[in-house]
Amino acid sequence: MTSHTAQVLSEDPGASTADPALVRCVEVARTFGTGPTALVAVYGVSCEVMPGARIALVGPSGSGKSTLLHLMAGLESPTSGTVEWPALGGGPQGRPGTVGVVFQGPSLLPALDVTENVALPLLFSGVPGATATERAAQALHRLRIDDLAPKLPEELSGGQAQRVAVARVLASRPTLILADEPTGQLDHEAGDRVISVLLEAAAELGAALIVSTHDPVVAARLDDQWTMRDGSLVTASTSQSGNRP
């Protein structure tokens, strides 16, 4: 491990820490379906993310990276085990802006223009309209995509839509940022800019950042690297394993 801000729980997952964890997974598993067709996406993962963490989550497609991020965001419920958010005072459900997620797939609402898409989570959390629009514009400017502001999602390329999704998360100023393959559809220059913006924003906000990526250049820019293999979590120094059923 290269940083005290992110760790795998290997001996006593329930033990208290000096700094309250933003999110803690204890023996978490997630299975989709039942019977012989059941798919175990995440198996027996115990880990915690501390304030200031900078984690690259790497591994092949289908290894469980996206599912683990969704569990940490409260978007999926574990089949077994527990997910807790001690430092956040409870789960992020119903509390927009606490945890920000950059989704891998399309996530913009087709009927809203780019500015409205970026501002929408702020409106849901009670931010006044004028303030939400201003913060949306600031986020778009940070990513150098101001010119996209009046466009509809159907007018955007896949890479442009991904950068708008990043702007939406930054505008919400979350405490924990979870980015699922945020550079997957971008060229090298645009991808490098997105990672720089995520790192800069996380530093300014005092937010933790986890980036799922296949790109070793992207992974090298973060302090810690966690690897998913067959639904289990491995770090550079500690193996989080178990005997799969």
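**Strand pairing and burial**

Modeller: Strand 7 (residues 176–180) and strand 8 run parallel and are joined by 5 bridges. Helices (H or I, at least four residues) and strands (E, at least two) are DSSP runs, numbered from the N terminus, and two strands pair if DSSP finds at least two bridges between them. This is a predicted model, in which local features need pLDDT of at least 70, side-chain atom pairs count only at pLDDT 80 or more, and totals for chains, interfaces and linings use all residues. Residues are numbered from 1 along each chain as its sequence is written, and side-chain values use heavy atoms, with hydrogens and water left out.

Colleague: In what sense do strand 4 and strand 8 pair?

Modeller: Strand 4 covers residues 54–58. In strand 8, L57 has S212 as its bridge partner. Over 4 bridges, strand 4 and strand 8 pair in a sense that is parallel.

Colleague: How many residues of strand 8 are buried?

Modeller: Buried means under 20% relative accessible area, exposed over 50%, and partly exposed in between (1.4 Å probe, protein chains only). On one side A208, I210 and S212 are buried, and on the other L209 and V211. For strand 8 (residues 208–212), the number buried is 5 of 5.

Colleague: Why does I55 count as buried?

Modeller: I55 lies in strand 4. I55 counts as buried because its relative accessibility is 0%.
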